[in-house]
2 protein chains.
Amino acid sequence: MTVSEHRLDGAALRELVDGRWAGVRDELRGFLRGEPFVPVAGIGTDAHRQRVLRQLRELATTSVPGHGFPREHGGSGDAGAAIVAFEMLVCDLSLMVKVGVQWGLFGGAVHALGTQRHHAEYLPPLMSLELLGCFAMTETGHGSDVQRIRTTADYDTDTEEFVVHTPDEAARKDYIGNAARDGRMAVVFAQLSSCGQSHGVHAILVPIRDSEDRPQPGVRIEDCGPKGGLNGVDNGRLWFDRVRVPRTALLNRYGDVAPDGSYTSPITNPNRRFFTMLGTLVRGRISVAGGAGSASKAALDIAVRYGDTRRQFPRPDTGEEVVLLDYLSHQRRLLPALARTYALHFAQEELVTTLHDSAVGERPLDEHGQRELEARAAGIKAMATWHASETIQTCREACGGAGYLAENRLTELRADTDVFTTFEGDNTVLLQLTARALLTHYRDAFGDLDPLAMARFVTGRFVGALIERTAARSLIERLVSASPRRDEGEDLHDRGWQLRLLEDRERHIVEGLARRLRRADSSGPEAFDVVNGAQDHLVHAGRAHIERIALEAFLAAIDRCSDPDTAAVLERVCDLYALSAVESDRAWFLEHERLAPPRAKAVTQSVNELCRELRPHAVSLTAGFGLPDEWLAAPIALGAERQRQHSREG
Amino acid sequence: MTVSEHRLDGAALRELVDGRWAGVRDELRGFLRGEPFVPVAGIGTDAHRQRVLRQLRELATTSVPGHGFPREHGGSGDAGAAIVAFEMLVCDLSLMVKVGVQWGLFGGAVHALGTQRHHAEYLPPLMSLELLGCFAMTETGHGSDVQRIRTTADYDTDTEEFVVHTPDEAARKDYIGNAARDGRMAVVFAQLSSCGQSHGVHAILVPIRDSEDRPQPGVRIEDCGPKGGLNGVDNGRLWFDRVRVPRTALLNRYGDVAPDGSYTSPITNPNRRFFTMLGTLVRGRISVAGGAGSASKAALDIAVRYGDTRRQFPRPDTGEEVVLLDYLSHQRRLLPALARTYALHFAQEELVTTLHDSAVGERPLDEHGQRELEARAAGIKAMATWHASETIQTCREACGGAGYLAENRLTELRADTDVFTTFEGDNTVLLQLTARALLTHYRDAFGDLDPLAMARFVTGRFVGALIERTAARSLIERLVSASPRRDEGEDLHDRGWQLRLLEDRERHIVEGLARRLRRADSSGPEAFDVVNGAQDHLVHAGRAHIERIALEAFLAAIDRCSDPDTAAVLERVCDLYALSAVESDRAWFLEHERLAPPRAKAVTQSVNELCRELRPHAVSLTAGFGLPDEWLAAPIALGAERQRQHSREG
């Protein structure tokens, strides 16, 4: 019996996918209904912004704003719920991003970087939307390189005020959500100085509009104008002309200026201080990864349902027109993407759990753990957002002309998520961050890569320890050790073989990187060339790491599945994920003689077979994502095509 | 001396790129200027449609409309010029597509499928825009499979009229340009019948609006509403409720109905007749490929200029911030795409030349030549439009947040070209067409693949003849035979080796296909499974073919280059094209033992080196495309970033 004949238990699948925050998901499935939340297309920028603000105000009446904030200020202190709620806002990604700006970035910065006085004053009104705010970090001249932003905040000892200033055009704040229309205050990131001393980047609260929505004196605001998507969000630019704010406006958790201008910080190393401050903002990246995941799910749900009804070209034997999803090329487009969407979903759930358990104090992270969380957040954000762009595009093409109509939502999902690949960190930069963290693990294990350590390292004797397995460590170890190490002869579906293959790739790439980058240890002119020459290598390391992490998360999830038939189908979906990951990087496996040519060809063959085997489950698998029809809204996914075919037969 | 130190001669490069229709390009560079044609963003659907119609009316006063039509009706009979003019309309792709609908599809169908009476009556007013029209082929239920559309045109002998009818919802005409607002007439594709006999798909002229823009009796029109792009084009749906048109409305070049209802055609085989009729429409696909090329060029021009000025992150040694295009990962994103854009440009030029010389009777094509032209048009359309989607997306990401602002044009180019991958034929279907044509070549050479032929075929003795080289045949043969056949030891820049490698891949894939598909010769139930299982194989064959054709076209172009230094730089660009094509398919070369692992790694290394070597020429190479600044319009490409950096230093 192949899994084609298994019955997927929809309830068991939903339970597994919904995971720990199923309640939050269900609440939003119930709430985001009816006219106020139905997706609309082509309504123009002004109407769209108004609509999204209305939706935001509706949401403010629910439990959603409170999740991310502490109980003593009226929140519920459920960090995981905050991220899961964000990812459910797939009825309009402008709403999702507006929520992220208001309660995630603006509120999150006040919470994470501010202290009691800021929390008491600002958290209640920002939850209720009495106070809308901005997160003014990015400047026109500096996006990814936050450490070099140029807005200044100089302390004036005489008046006990900070003077916030934009020194030149490149230092204006740019692409700032809530700035063009709704925000009244901004968390402004600036180079702090007092008593002639520079203290590096800090965040400070600056009012930007008065109660009648006029810009505050000294603040200039410009609308960024139409964008490639997300036009329900009012992105804008901000300039500050020596704007004065009181000393207490500094979000002073990681650095404070006393009335006399003296600076204190709980973290003495300025570099570590900066990265600690940025690290508290990791939720933003995790949220974006979740949002990208939802968009991929919605697009797949639409394309799979359409592909399951749409017919084109007759079979030569019967003359009957063939359903698109019965074509191998159509399965190839949609099903590996579906499998990867599942893998990333479970990896995301694991990430959210780690963040949550640390945030609520259940399982606090040590420095190593925090660094690992940040590295995974960066990597999963990059992989999930690129996956969304590719997947939604594929789904659009798979729906042909119908996919190009705005009413079918795919073009909007595509346009809205496009910027996800570069905001909250450019993906190429983020994957390099992930890879650098892996190298740091190496350094932890071997000190500063002294020659002796390097020698051991190259012999590979100590290398095994460096692959740090995820939460499901014991399960993964069991799977790896249960499989015979015959390699070439092995079943491609053997889980231990798949795991070893992805672990081995990651280890080999990271080792190679470590060797290359040692040469850049000096800070001479050649250092840049060495690191620059290794950029693609770094990106590949980051990818390999996340693909392995996601495989482990997928396996851990299957292990939790309550229904054996459903688990059996998911095992095949997981095979499809693993083998299509191997297939798409099989040049590497061949070049490094991890796969012989016949076996590499067998991987491709096996992906084809898995597509055929899983095809009957495609609709149930996308249904497992639990996106209500009202959010999909696309007529082609909701029966229009079936109806047309019936009209024709009738 | 590496080519980094060569001087590109801008005039020589422009001359080469402009090619045979340089005059047409220059005319449009001069004409499409000032307010009427400047790109605008976010103006809303109605305003956009009006603007595009005004632009179309401006164009109607130039030589543009006449290019595609014969002299005796006021045209200039220059088919090549018509396609080149189309591809130059990059200031707004809605205008490009509107031109394509009016003069390419609607006008082209009247011209190619009609006869003298239609030409005399309709060509002059459709050129002058007195008559706007639609090309009503696609139906909601049938896009790629035109042969099975369901609109009917039944001949009524009593009244000597055709009755055009939409039998059901799936048969409504859909996504039809000019239908929602401007069109007064449509070329309607329908199943023709007379005297109770069916004659297959034919085209017939049906008035859809009267002189006051009201729908004609029996015609229902609906707006397709907002789309993912091209919102300056008024796409709509059409239903016909037993609409009567005179017998002479039939475009009767390939099939006619006499007053008594008897049917005649110069082509007796109905299948051949259908494909001959479709074949006359090959210009549409060639035009779309050209338009996609222009969009890729514009995006690269914007991203390369920005990447050449934008700085991010300091060098560790000097502290100076690094220009983005000095990063390997940035070069990797943009330069191989630039090289491929050049290759496709020259392949396109060759295709246009072949079409033109045949259309004007200079070098008429025999049946084999016509089939080859159609196969190449299909394949180049698919490759060029996917390349555009990927390249523009890459450019958008390479410009970060600035790339997401509509004013910088990348998101609009991306959204507008998106549908190019599925209209005028779904790319996946088109590449299979290309591959099938290659198989037909095999059949031409070996009869119906009888077992003996197959045996010879497998031994490979006769296979060399099947790689049909392009126009530059003798040049290519010279290059191939000049290179020593040492393979593994050879220089990766050796042109003969590159050519042999791509030829060998194509031959091997097509041979394998022929063997697989033989099994589908019967029309039993297994036939579908065999063909279906080979779909990816077919698509790969199509890709391999077009990549080889494009390499040959690139070489032929370099051979025409008048300036040796410029030619030397283009040789390296061509290396980058060839080697990055090999790199991206290196899994295949490794699996089929065409490349050993060390050599495959050397290919990747060589792509990196070429990127470094060509980086100093990047701006000149995009300037070679000859797109005026006014069409790019993007502030980030036109000095805004440089100015900001200066404002900061000053």
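Predicted model: local features only at pLDDT ≥ 70, side-chain atom pairs only at ≥ 80, totals over all residues.

Trainee: OK. How is chain B laid on chain A?
Mentor: By a turn of 180° and a shift of 0.0 Å along the axis. The RMSD is 0.0 Å. The two copies are thus related as by a two-fold rotation axis.

Trainee: Which C-alpha of chain B is nearest the axis?
Mentor: That of B:Ala587, 2.1 Å from the axis.

Trainee: And how much of the contact surface of chain B recurs in chain A?
Mentor: 100% of the contact residues of chain B recur in chain A. The same surface serves both copies.

Trainee: How many residues does each chain put into the contact?
Mentor: Chain B gives 70 residues, and chain A gives 70 residues.

Trainee: Which element gives the largest share on the chain B side?
Mentor: Helix 17 of chain B, residues 525-533. That helix supplies 5 residues of the side that touches chain A.

Trainee: What's the residue make-up of that side?
Mentor: On the side of chain B that touches chain A, 23 residues are nonpolar, 27 polar and 20 charged.

Trainee: Switching topic. What domains does chain A have?
Mentor: Domain 1 covers 3-133, domain 2 covers 135-279 and domain 3 covers 282-631.

Trainee: How far apart are domain 1 and domain 3 of chain A?
Mentor: Their C-alpha centres lie 26 Å apart. They are in contact, with 41 residues from domain 1 of chain A and 46 residues from domain 3 of chain A.

Trainee: Which helices of domain 1 supply that side?
Mentor: Helix 1 (10-18), helix 2 (22-31), helix 4 (79-87) and helix 5 (93-113) of chain A each supply at least two residues. Helix 1 of chain A gives the most, with 8 residues.

Trainee: And by class?
Mentor: The side of domain 1 of chain A that touches domain 3 of chain A has 20 nonpolar, 11 polar and 10 charged residues.

Trainee: Last one, back to chain B. What is the strand order in that open sheet?
Mentor: The order is 4-8-7, for 3 strands with antiparallel pairing. Strand 4 (173-176) and strand 7 (219-223) of chain B are the edge strands. Each pairs on one side only. Neighbouring strands of this sheet are turned by 20° against each other on average, direction ignored.

Trainee: How many bridges join strand 7 to strand 8?
Mentor: 5 bridges join strand 7 of chain B to strand 8 of chain B, residues 236-240. One partner to look at is B:Phe240 in strand 8, bridged with B:Val219.

Technical notes: Residues numbered from 1 in each chain as written. Chains lettered and ligands numbered in written order. Pairing = 2+ DSSP bridges. Helix = DSSP H or I, 4+ residues; strand = E, 2+ residues; numbered from the N terminus. Axes fitted to C-alpha atoms, helices over the stretch in contact; angles between N-to-C directions. Contact = placed C-beta atoms within 7 Å. Nonpolar A, V, L, I, M, F, W, Y, C, P; charged D, E, K, R; others polar. Least-squares fit on C-alpha atoms with pLDDT ≥ 70 in both. Domains from an automatic or database assignment.
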